[in-house]
Amino acid sequence: MSDKSKELLQLYRDLFQKVKEIYQQDSSLTVKSLLSTIKRGKEYLALKRHADEEQLQLVEEFLQRDIASFIAAQTEDDLSYSPTAITLENTLWHWLGEISDRSQVEWHELAQQFSQKGLYHSGDIVTQGTLTCTHCGYKMDIEFTDVIPDCPECDHAEFTREPLMP
């Protein structure tokens, strides 16, 4: 190996050591951002002074390849980079969002029930439950969210709701 090749190899090793140091400081860097950071450093400028354009192009290709391999090796055991783990996490957040949305609706309905002081009228919209006519005591079972009709027994329009059971 010629002296120039040895010198370029040592400069490349120094450059790659700098890659490791920078990545240890900020492991969120990508191959592209790491390469661009390295190209602005003094180690790269030293390499640029000793290499011709063709050698520099070759070094950049090697460096990009080696940075990608280095990052892959560093993140190999880290599940946060796994596509399966990312999909699972996104699904979990989606489910939690749906649960949160439903519980917000339920809390809103409960707050609305409290503001009605337990009285419901024909034309109100309610979710499932049992309504009792305040006039004749007739019980209506509501299975799905629906508009309250007049009492089928006495045509009265005011109802109370039996406590919700879990």
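In the predicted model, 25% of the 166 residues of the chain count as buried. The accessible surface of the chain comes to about 12,100 Å², and carbon and sulfur atoms contribute 55% of that area. Among contacts in the chain with a separation of 6 or more, 54% are between residues 24 or more positions apart.

Five helices and six strands make up the secondary structure elements of the chain.

Helix H3 spans residues 42–50. Its buried residues are Glu 43, Tyr 44, Ala 46 and Leu 47. Viewed down the axis of H3, these buried residues fall within an arc of 160°, and they therefore line one face of the helix. Lys 42 and Arg 49 lie on the other side of H3, where both are exposed.

The phi angle of Asp 155 is near 60°, which is a positive value in a residue other than glycine. In general, most residues other than glycine have a negative phi. Asp 155 has a relative accessibility of 59%; because the cut-off for an exposed residue is over 50%, Asp 155 counts as exposed.

Technical notes:
Residues are numbered from 1 along each chain as its sequence is written. This is a predicted model: local features need pLDDT of at least 70, side-chain atom pairs count only at pLDDT 80 or more; totals for chains, interfaces and linings use all residues. Side-chain values use heavy atoms; hydrogens and water are left out. Buried means under 20% relative accessible area, exposed over 50%, partly exposed in between (1.4 Å probe, protein chains only). Helices (H or I, at least four residues) and strands (E, at least two) are DSSP runs, numbered from the N terminus. The arc is that of the directions from the helix axis to the C-beta atoms. Contact means heavy atoms within 4.5 Å. Accessible areas come from the Shrake-Rupley method with a 1.4 Å probe; for residues, only the protein chains shown count as cover.
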